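Dear colleague,

I am handing over the structure below, and my notes on what was found in it follow. Please read them with the sequence and the coordinates open beside you.

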Amino acid sequence: MRIQIINGPNINLLGKREPSIYGSVTFEDYLAGLRGKYPDMQIDYFQSNIEGKLIDKIQQVGFDVDGIILNAGAYTHTSIALQDAIRSVTSPVIEVHISNVHAREAFRHVSMIACACKGVVCGFGLNSYRLALEALQDNNK
């Protein structure tokens with residue numbers, strides 16, 4: 001299986017940014033462990049703080065990979081363009097959040113992309129990515 005993880009704005013600051021919410025582990029360190037746990041999978045990674053680059057990546061890989069795990073960050077709550085990109089591709093997309101967005105500010109309770117995604121995983125810290133990966137793996141059997 002080939003899985004593409006796409007992270008949006010500020011995820012590049014994991015380990016530094018609000019560790020009480022997001023933890024103290026960098027995404028790169030977490031990703032190394034995830035790849036080690038699933039050596040039979042190709043797990044590709046992309047991060048950008050720019051909405052258009054996230055859309056470009058979804059369009060670039062969204063017809064070839066077995067699944068996309070997308071943490072769109074704050075764009076989750078604002079981007080119809082990301083929703084359109086997700087709807088435009090054939091690869092299943094799972095929306096992921098590290099924190100439980102429903103236990104946070106009210107504006108984070110609304111996702112503009114969830115309706116276009118296969119599912120949503122939130123609130124399990126970085127393990128949200130593993131849970132999404134396992135869902136894609138189970139869905140592909």
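**Annotated positions**

An unreviewed UniProt entry carries a "binding site" annotation that covers Asn71, His77, Asp84, Ile98, Ser99 and Arg108. These positions are spread over 38 residues of sequence, and they are spread in space as well, with up to 24.4 Å between C-alpha atoms. Please keep in mind throughout that the model is a predicted one.

Two of the positions under this annotation can be described further. Aspartate 84 sits in helix H4, and with a relative accessible area of 41% it is partly exposed, because that value falls between the 20% and 50% cut-offs. Serine 99, by contrast, belongs to the loop that runs between E4 and strand E5 (119-122), and its relative accessible area of 9% is under the 20% limit, so it is classed as buried.

The unreviewed UniProt entry also has an "active site" annotation, which covers Tyr22 and His97. Histidine 97 has its place in strand E4 and is buried, since its relative accessibility of 6% is under 20%. Which residues does histidine 97 contact once its neighbours within four places in sequence are left aside? They are Asn71, Gly73, Thr76, Val121, Cys122, Gly123, Gly125 and Ser128; Asn71 is also one of the positions under the "binding site" annotation.

**The chain as a whole**

The secondary structure of the protein chain consists of five helices and five strands, which follow one another along the sequence in the pattern β-α-α-β-α-β-α-β-β-α. The radius of gyration is 14 Å, close to the 14 Å that the globule rule gives for 141 residues, so the chain is as compact as a globular protein of that length. Taken along the principal axes, the box that the C-alpha atoms fill is roughly 35 × 35 × 25 Å.

Of the 141 residues, 48% count as buried. Among the contacts in the chain with a separation of 6 or more, 78% are accounted for by residues 24 or more positions apart.

**Two loop residues**

Threonine 90 is found in the loop between helix H4 (80-88) and strand E4 (93-97). Is threonine 90 buried or exposed? Its relative accessible area is 62%, which is over the 50% cut-off, and therefore threonine 90 counts as exposed. The C-alpha atoms of threonine 90 and valine 65, which are 25 residues apart along the chain, are separated by 9.0 Å.

Asparagine 10 lies in the loop between strand E1 (2-7) and helix H1 (19-22), and at 34% relative accessibility it counts as partly exposed. The phi angle of asparagine 10 is near 75 degrees, a positive value in a residue other than glycine.

Methods
Residues are numbered from 1 along each chain as its sequence is written. This is a predicted model: local features need pLDDT of at least 70, side-chain atom pairs count only at pLDDT 80 or more; totals for chains, interfaces and linings use all residues. Side-chain values use heavy atoms; hydrogens and water are left out. Helices (H or I, at least four residues) and strands (E, at least two) are DSSP runs, numbered from the N terminus. Buried means under 20% relative accessible area, exposed over 50%, partly exposed in between (1.4 Å probe, protein chains only). UniProt positions are given in the numbering used here, feature names are shortened, and annotations may be inferred rather than shown by experiment. The radius of gyration is taken over C-alpha atoms; the globule rule is 2.2 Å times the number of residues to the power 0.38. Contact means heavy atoms within 4.5 Å.
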